[in-house]
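User: Hi! Could you walk me through how the two parts of this chain meet?
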Amino acid sequence: MSVMTRETMSESEMIAAAELALADIAKIRAGVGRVIFGQESVVERTLVALLAGGHALLVGVPGLAKTKLVETLGVVLGLDSRRIQFTPDLMPSDILGSEVMEQDDQGKRSFRFISGPIFAQLLMADEINRASPRTQSALLQAMQEYHVTVAGERHDLPAPFHVLATQNPLEQEGTYPLPEAQLDRFLMQVDILYPELEAERRILLETTGIEDAKAQNVLDPERLKDIQHLIRRMPVPESVVEAILKLVRSARPGQGHGETDKHVSWGPGPRASQALTLCARARALYDGRLAPSIDDIRALAEPVLQHRMALTFAARAEGMTVRDVVARLVKDI
């Protein structure tokens with residue numbers, strides 16, 4: 001038994017569409033792999049977030065190719081990309097745009113909206129936690145509703161629209177932690193670790209010569225939207241739905257889970273369940289499958305849940321992390 005979306009496809013149509021999508025995804029992976037060496041898990045999770053139609057928060061120390069990854073994805077996917085370097089003096093109007101007064105030849109004055117860099121298909125919010133909460137909040141409406149409101153007027157964003165934000169987990173001086181409401185709008189938090197030995201060896205050999213590898217475009221935005229639409233039409237087995245509900249609800253205090261009640265001060269909301277469902281579908285297609293499995297939920301639990309939970313003071317004092325709690329909860333599904 002499966003839970004289907006409102007618009008269903010026949011099995012043969014789904015298989016044919018999936019085969020075409022798989023061919024395109026293979027091209028995307030190859031295109032990214034020409035520029036980004038190693039980091040297979042990071043590339044997979046970031047691509048899963050984009051294929052699911054959402055946003056991702058990339059967390060890692062400087063020099064791990066976070067910016068390079070976003071630039072490469074923009075080229076490979078054919079998206080109109082912009083970058084914003086977040087700084088303490090950045091204002092909301094620097095992101096959204098502003099209205100300016102103009103005067104025509106007859107002396108009539110009127111306001112004209114000049115769009116900001118947020119009007120892009122792929123927005124890189126570099127070091128997002130270096131801007132003030134006032135400026136960070138400029139992204140809230142855009143990330144959830146795909147439009148912005150300036151001077152009472154609605155301005156729709158391009159489609160598709162994705163935000164890939166970066167954050168340094170070490171240097172916290174002069175930074176502003178992202179509010180929970182903003183964190184919840186990221187489908188996943190993708191932690192970027194140091195590369196493996198062979199990957200770093202390849203980085204040394206191939207990026208210190210005369211020419212660096214260049215990304216090549218293999219897709220266009222309309223085709224990406226088609227794949228995103230296909231993912232939303234993929235069936236989800238009832239067992240996977242139950243696993244998602246069990247996992248997310250067990251991560252909330254007050255739901256009868258002793259470990260959670262002891263260690264978690266607040267847990268994930270319904271957006272976490274939605275994110276797990278979408279990302280599981282996208283990961284299944286990324287791996288060449290037509291339906292997600294419980295293994296997808298286990299693999300995605302940490303990146304989807306870790307930024308949607310907070311530990312109690314006692315748990316932090318014991319040296320626990322959110323990852324530890326999620327790992328224990330995953331064992332029960």
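Analyst: Happy to. Asp 191 pairs with Arg 323 in a salt bridge, where the closest N and O atoms are 2.7 Å apart (a side-chain nitrogen of Lys or Arg within 4 Å of a carboxyl oxygen of Asp or Glu). This is a predicted model, where local features need pLDDT of at least 70, side-chain atom pairs count only at pLDDT 80 or more, and totals for chains, interfaces and linings use all residues. Residues are numbered from 1 along each chain as its sequence is written, and side-chain values use heavy atoms, with hydrogens and water left out.

User: How many salt bridges are there between domain 1 and domain 2?
Analyst: The count is four.

User: Which helices and strands supply at least two residues of the side of domain 1 that touches domain 2?
Analyst: They are α1 (11–33), α2 (40–51), α7 (180–183), β10 (188–191) and α9 (221–233). These are DSSP runs numbered from the N terminus, helices being H or I with at least four residues and strands E with at least two. The most comes from α1, with seven residues.

User: And where are the domain bounds?
Analyst: Domain 1 is 8–232 and domain 2 is 233–332, taken from an automatic or database domain assignment. Their C-alpha centres lie 24 Å apart.

User: How many residues are in contact?
Analyst: 31 residues of domain 1 touch 24 residues of domain 2, with contact meaning heavy atoms within 4.5 Å.

User: Nice. What is the area buried between the domains?
Analyst: About 2800 Å², with carbon and sulfur atoms giving 61%; that is the accessible area (1.4 Å probe) that two parts lose on being put together, summed over both.
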